[in-house]
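Please look through the structure shown here and follow the description from one part to the next.

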Amino acid sequence: MFTTDKECALALDAADPLRKIREHFLIPPRYADVRTSKVGAYLGGTNPEDDEKQVYFLGNSLGLQPKVTRGHIDRVLEQWAHYGVEGFFHGRDPWMNYHDQLIQPLSKIVGALPHEVSVMNQLTVNLHLMLASFYQPSGKKRKILCEQKAFPSDQYTLETYVKHLGMEPEDVILEVAPRAGEVTIRLEDIIDTIEQHRDEIALVFWGGINYYTGQLFDMASITAAAHTHGIKVGFDLAHAAGNVELELHEWDVDFACWCSYKYLNSGPGAVGGVYIHERFHQDQTLYRLAGWWGYDKSTRFQMKKGFKPIPSAEGWQLSTPSMILYACHAAALEVFEEAGWQNILEKQKKLNAYLWYLLNELNNAQPEQVIQVLTPAQERGSQVSLFMLKDGKKIFDSLMEQGIIVDWREPNVIRLAPVPLYNTFADVWKFYEAIKKML
Ligand SMILES: Cc1ncc(COP(=O)(O)O)c(C=O)c1O
C-alpha cells in the first residue's frame, strides 16, 4: 500500500478526507526554531506558505494553535468588558454554563458519559485530588501499583501523597518494570503482579501511554484484572487523550485525568480534564477535597455550611474556572467536532503506519540496523520513540535545522508524533528523506 517515493505521500494527502483541517491551525514558520541561530529571522508573520512552515512533530508535547482560538478568547474578553460579573449569567456563552459545551465533545473523545467528565485545574493537581478520593488504604491493602519510570510528576505525586498520609513510599509504591534487556512493560507482567499482590494493592495507577517509549497500555485488561480483586484503577491519559481511542466508561475505569495542551491543542498550561465513573458520583464513602465550585448548583449561592456536591464529576471541582482557558479548550474541541473523531482515529492509524513503514525501509537500506524503534508495534498511538544507533545527536540537530521539529531525550532517543489534525503524509516523507540523506 505504501512506497518510499514522494508521489506516494502526495497521493495519500490528496486522498485524505481531513486535509482541509490542517488549514485551521497556525503552523509555526521554520525559522522560529529557538535552537538555531535563526530566531526572528523569518519575517513572514505567523501564517507562512506551506514550504516555509515547520514540519511540526511535537503534538505530543504542545499541540498547535487553532485559528479559532483567538476569536473564542476575544468573546470572553468582550463579555467581560460588556457585562462585568454579570457575564456569568448573560452574553452569548454565560460563564456559569460554559462547562456544559466542553463536556459533550470531550466525552466522545475519552469514551465517557458527559456527566462523568469534568474540566478543571491542571493534570498534577487533579491527580492529587483523585488520590484523595480513590486511594483509601486500609488494613493490609495499602499498596499502589504503578509503572516504573512513569512521568516524573506522577512519581512525585505518589511519593508525596503517600508521605502526607504518614507512610513511606518504599513500603507502599509497587512498580512493574520491563524485563531485563527489554524497554517496554509486558501486559502479562502487570497482570501477574496484580495477582501476586492482590491482597495488598489498594489502587492501580497507570499511564495510558508512556511518555518516553510511547507504549500504549491495554487499559481494559488492566482494569478487568484489578477489579477482579476489588482494586480501584485510575489512568493518567496525558499522552492518550485526543490521540487514541478510549472507552473509559465501557472499560469500567474508576477515574482518569489528562491535560489538554498536547493532542487536545488547547494551549500552554491548558485546563485539565477528569473522568470519574458515574457509580461514584453519589458515593458518600469516598473522601474528597472540596471547594465551592463543586457544590450543588441550585443552592450554591445560599452559601450554606456543609458540602453538598453536584451529583456528577463536576462535584469534584474546587475553584472558579478560568474562562480564558475554557475558551481555548472550546475552540480546540470545535475543530475535533468538525473533523469527526472517527475520521481522526482513522487518519492517525494510517499516518502512523506510513511512518512505521518508512522507518523499516530506512533500516532495510543500511548494512546494519541504524534505528531501534522503542515503541511496541502492537501497542502505540501517534508517538514513536527512536533509539538512534548511529549519529543520533547529529541527526537530531540537523532535523531541527531543517525545520523538522522533533525532540531529544538522553541518551539517544528522538521522539516524534505525527498527528492527524495538522500533519500530512508529506511531512512524514520529509522526515524520512532527511534521515535517509544523512545516513
Ligand atoms: C504523563 C504526564 N503526566 C503528568 C504531566 C504533568 O502535567 P501538568 O504539568 O499539566 O500537571 C505530564 C506533562 O507533560 C505528562 O506527560
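**A sheet, a ligand site and some details**

In this predicted model, four strands make up an open sheet, arranged in the order S11-S12-S15-S14 with antiparallel pairing. Strand S11 (371-373) and strand S14 (407-409) are at the edges and have a single partner strand each, so one side of each has no neighbour in the sheet. On average, neighbouring strands of this sheet are turned by 30° against each other, with direction ignored. As background, the strands of a sheet pair through backbone hydrogen bonds, in either a parallel or an antiparallel way.

S14 and strand S15 (residues 413-416) are joined in the antiparallel sense over three bridges. Here tryptophan 408 stands opposite isoleucine 414 in S15. The loop between S14 and S15 contains proline 411. This proline is joined to glutamate 410 by a cis peptide bond, with omega about 5°.

Asparagine 265 lies between strand S9 (255-258) and strand S10 (273-276). Its phi is near 55°, which is a positive value in a residue other than glycine. For reference, most residues other than glycine have a negative phi, and most peptide bonds are trans.

Next comes the ligand. Which residues are around the ligand? They are Leu123, Thr124, Phe151, Ser153, Asp154, Asp236, Ala238, His239, Tyr261 and Lys262. By type, this shell divides into four nonpolar, three polar and three charged residues. Helix H4 (123-134) and helix H5 (152-164) each contribute at least two residues to the shell.

In threonine 124, an N or O atom of the side chain is 2.5 Å from an oxygen atom of the ligand. For aspartate 236, a polar side-chain atom lies 2.7 Å from a nitrogen atom of the ligand. For tyrosine 261, the distance from a polar side-chain atom to an oxygen atom of the ligand is 2.8 Å. On its own the ligand has 400 Å² of accessible area, and the protein covers 82% of this.

Aromatic rings are the last topic. The structure holds 19 aromatic pairs. One of them is formed by tyrosine 98 and tyrosine 326; this pair is tilted, with 5.8 Å centre to centre and 50° between the planes. Tyrosine 98 lies in helix H3 (residues 98-110) and tyrosine 326 in helix H10 (residues 323-339), so the pair ties together parts that are 228 residues apart in sequence.

Conventions. Residues numbered from 1 in each chain as written. Predicted model: local features only at pLDDT ≥ 70, side-chain atom pairs only at ≥ 80, totals over all residues. Heavy atoms only, no water. Near = heavy atom within 4 Å. Polar contact = N/O pair within 3.5 Å; in protein donor to acceptor, adjacent residues only side chain to side chain. Areas by Shrake-Rupley, 256 points an atom, 1.4 Å probe, with all protein chains shown as cover. Nonpolar A, V, L, I, M, F, W, Y, C, P; charged D, E, K, R; others polar. Pairing = 2+ DSSP bridges. Axes fitted to C-alpha atoms, helices over the stretch in contact; angles between N-to-C directions. Phe/Tyr/Trp six-rings, centres within 6.5 Å; stacked < 30°, edge-to-face > 60°.
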